[in-house]
Structures are given as structure tokens and as C-alpha cells.
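User: I would like to see how the inside of this protein is packed. Please show me the model, then take my questions.

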Amino acid sequence: MNIQCAATMAGMGFTVKLIIESTSIIESCLSSELSKIYENFLKHKGIIILKGQACTNILTKDGKVVGCQIAHDEIIHGEIVVVNVGTQPNVYLWQGKILLQENVLRPGISVDSCLRTNISGVYAVGGVACLPFFMCEQSQLEHYPLAAQTTDHLANILLGLPSQLQCDPFHSCSLFDISWHFWGEPTGSQHVIFGDVKSKLVALWLWEGRILGAFIQGGNETEKQLLHQAAHTEKLVNLKLLKVVSTPEQLFELLLCC
């Protein structure tokens, strides 16, 4: 969300400084290699990135924002300060009342496959629910689809209708004139990247030849659907043939043959 906001404001003509606490802009949800690629892309677009920093104070004068303060009392001057509150839900309102999953990257209310909590008659849907079938701490879901799918699932359960919740880990991002989509888990023993940010970029995360995560920037709907299905079914790829692949087009040919 922070990089999308920064890109939008830069596209509107603002001089943008992006302050992030981590040392990587998107490594937490993708990979260090992809993070570096898009960090350079944003810098080329004029965005100043201050990594490993945190805003400690919002500065005002005469009732107007004039900037913010970061570590060592350094002042960043600006007319607008946008704060990204993050994607972690505030579930501690229910601490001591409902069983929580707390020892994970994104804590949530503990639920079963029917979205039931440990209290009879109490259910949890959307981002506050810690779904049992996401084992990778880096899993992400778009907030609106997750809310809609879990709500539909619960409605069917309460009405006594057959229902199976299948939320594939997925997220997307738009920056200036490019956009990317990611399906699955950014984990595995092998990570490969094909193409470049100027045209089409494709990446896979594999474990023993099975695709656990798939990423694409650019591409057509057929290619996106192929990668979605590959991640959803954990498609098995011939690793010997994968070693000779050098372009996104060759990769799609290989996936169609597997």
C-alpha cells in the first residue's frame, strides 16, 4: 500500500519521500531480488526512499502539517504526510475473551474451516480471522475478496448449504504504468526470475519442482490464468528443462507442456 500511494502521488506531480522501517520495500511479501528491481524502478521515477527509518513525530505549524521527524531528530519537510497503518488487524480488543493466534507474523482470531471461534455461536470473517489453511507467514490476500468470500462461506454454513472456502493467497499492485499479480506462497528452495521491468517480468517459487508461488508483471490474461492455475495446483515442472529457459515466453511454453 505504501509504494502504491507513493507512486500515485508522484504521478500527480508531488515530490515524494517514502519512509519505511524495513530495509526492503516489498521483501516481506515477495523476494529480495524483486524488491530491489522495484526499488530501482521507483527511484528512477523520482521517489526518494529512506529505508530503516521510522517517523517519530508529525510536525505542525499554525494548524497545518509542515513535515515529520525521524531518527536522530532529522526533519523531513513536507506539505502532506500520509501514514500507512499497515495490514495487521487489531485483534487485541478480544484478548482474553476469544482464542487468538498470536505467535504468527499477522495475528488473528483462531477459527476452524467453518470460521467458528472457540466460543459457541461466535464466528470471525475477513482480515481478523486467522485461517487454518495458510501455513506460510508470508501469505497475503486482497482484503475485499477475503471479506466477501469468508462472508459468503459463513452465510452458506448458517443456512445449512454446502460450502467450501478456497481462498488462494493472492495480492496485486499498480505502480505508475505497470502492475503485477502474485498467487501462492513466496517460499521454496528455488526462486527464478525471467524478463525485465520494462516489458514483462515473471517469477516462480518452487520446491522439488512444484510451483508454490507465481508472479507476473505485464502479460495477458491467458498468461495470468496459467500462472494462477500453476500456483493453485502446485504444478510440477521439469527442472532440467527449466534450467534452459531464459525468457517469459519460453517459460509459458514449458508450463503448457508440463
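User: Which residues does phenylalanine 215 contact, leaving aside neighbours within four places in sequence?

Analyst: This is a predicted model: local features need pLDDT of at least 70, side-chain atom pairs count only at pLDDT 80 or more, and totals for chains, interfaces and linings use all residues. Residues are numbered from 1 along each chain as its sequence is written, and side-chain values use heavy atoms, without hydrogens and water. Contact means heavy atoms within 4.5 Å. By that rule, phenylalanine 215 is in contact with Leu30, Leu34, Tyr38, Trp180, His181, Phe182, Leu201, Val202, Ala203, Trp205 and Leu227.

User: Is histidine 181 buried or exposed?

Analyst: Histidine 181 sits in strand E10; strands are DSSP runs (E, at least two residues), and helices are runs of H or I (at least four), numbered from the N terminus. Buried means under 20% relative accessible area, exposed over 50%, partly exposed in between (1.4 Å probe, protein chains only). Histidine 181 has a relative accessible area of 19%, so it is buried.

User: Which residues of helix H6 are exposed?

Analyst: Start with the buried ones in H6 (residues 248-257): Pro248, Leu251, Phe252, Leu254 and Leu255. They cover an arc of only 160° around the axis, so they lie on the same side of H6. The arc is taken from the directions from the helix axis to the C-beta atoms. On the other side of H6, the exposed residues are Glu253, Leu256 and Cys257.
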